[in-house]
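Trainee: I have a structure to go through. Can we take it question by question?

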Amino acid sequence: MGGEVQCPAGCGLMEYKKKRNLKIRAWDPIGSVFYLAGLILIVNYTEVGSGEYHPGAIFGMLLFIPGLYFSSLVTTDLSCGTCTGVILESKSIDLKLKGDPLGLSLNKAKYVREALASSTEHSEHDCPDCGNKMSHIIVPIERERRAYEDPLLPDAIADLTTKSDRVKLDGCKECDLLWFKNAKRERKLSMDTAIIPKT
Ligand SMILES: [Zn+2]
Ligand SMILES: [Zn+2]
């Protein structure tokens, strides 16, 4: 898409914003090595429930934190400053909506494109690029359960459990773009820990 883009919700012009996504890994020569080495050290030297920090685990954190930062994905996406809606275009769809490296889940980009192509439900909004009505889809995901969502679970277990969830979005298959009503929905689907399990 070139030039000025109007927010599908009718707020006015959207803006390209550069964002670093700490929950999405991207390959970076140094960042990825730091991230993985740090993670391995932390896992090896952390005793669950001991409350004490082994020097190896602390060293791991010193590698992990900058590694996490430098190996995270940076994309430039259209955002609406008023409704916080987000548009993902082809390149960002491919970068942000991936499967997991172990192949246990479906590729989210592929799933979303196929769902848009077969969707019969129209969005209430027009595509900001071609002006036709967008399609509406609901994407089933599993994501990590946060401790506050289930206060009875101990943290260590809560981290390991997942929660079934759904993300609603609109899109135009001809223009290969996705429209999220707000940034929260986009982040929920994009983060690496949100997956579409294989059935
Ligand atoms: Zn808007
Ligand atoms: Zn379109």
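Trainee: In β8, which residue is the bridge partner of D170?
Mentor: This is a predicted model. β7 and β8 run antiparallel and are joined by three bridges. In one pair, D170 faces a residue of β8, and that partner is W179.

Trainee: Which residue in the turn between β7 and β8 has a positive phi?
Mentor: β7 and β8 form a hairpin. Four residues lie between the two strands. The phi is about 50°, and the residue is D176.

Trainee: Are L177, W179, L178 and F180 of β8 buried or exposed?
Mentor: L177 and W179 point one way from the strand. L178 and F180 point the other way. On both counts the answer is buried.

Trainee: Which residue stands opposite F180 of β8?
Mentor: β8 also pairs with β3, in the antiparallel sense. Four bridges hold that pairing. The residue opposite F180 is V86.

Trainee: Which are the edge strands of the sheet?
Mentor: Seven strands form an open sheet, with antiparallel pairing. The order is β1-β2-β3-β8-β7-β6-β5. The twist averages 45° from one strand to the next. An edge strand pairs on one side only, which gives β1 (15-25) and β5 (122-126).

Trainee: In β7, what is the bridge partner of I137?
Mentor: Strand β6 covers residues 133-144 and β7 covers residues 162-172. They run antiparallel, joined by 10 bridges. The partner of I137 is L169.

Trainee: What angle does the direction of helix α6 make with that of β7?
Mentor: Helix α6 (residues 183-190) packs on the sheet. It touches β1, β2 (72-79), β3 (86-89), β6, β7 and β8 (177-180). With β7, the angle is about 120°.

Trainee: How many Å separate the centres of domain 1 and domain 2?
Mentor: Domain 1 takes 5-26 + 71-190, and domain 2 takes 29-70. Four residues of domain 1 are in contact with eight residues of domain 2. On the domain 1 side, the touching residues are two nonpolar, two polar and no charged. Taken over C-alpha atoms, the centres are separated by 29 Å.

Trainee: Which residues of α2 are buried?
Mentor: Helix α2 (residues 55-70) has 16 residues. Its reach from first C-alpha to last is 23 Å, close to the 22 Å expected. The cover over its buried residues includes α1 (29-45). Those buried residues are G60, F64 and G67.

How values were computed
Residues numbered from 1 in each chain as written. Chains lettered and ligands numbered in written order. Predicted model: local features only at pLDDT ≥ 70, side-chain atom pairs only at ≥ 80, totals over all residues. Pairing = 2+ DSSP bridges. Axes fitted to C-alpha atoms, helices over the stretch in contact; angles between N-to-C directions. Contact = placed C-beta atoms within 7 Å. Domains from an automatic or database assignment. Nonpolar A, V, L, I, M, F, W, Y, C, P; charged D, E, K, R; others polar. Expected span 1.5 Å × (residues − 1). Buried ≥ 20, exposed ≤ 12 C-beta atoms within 10 Å, placed from the backbone.
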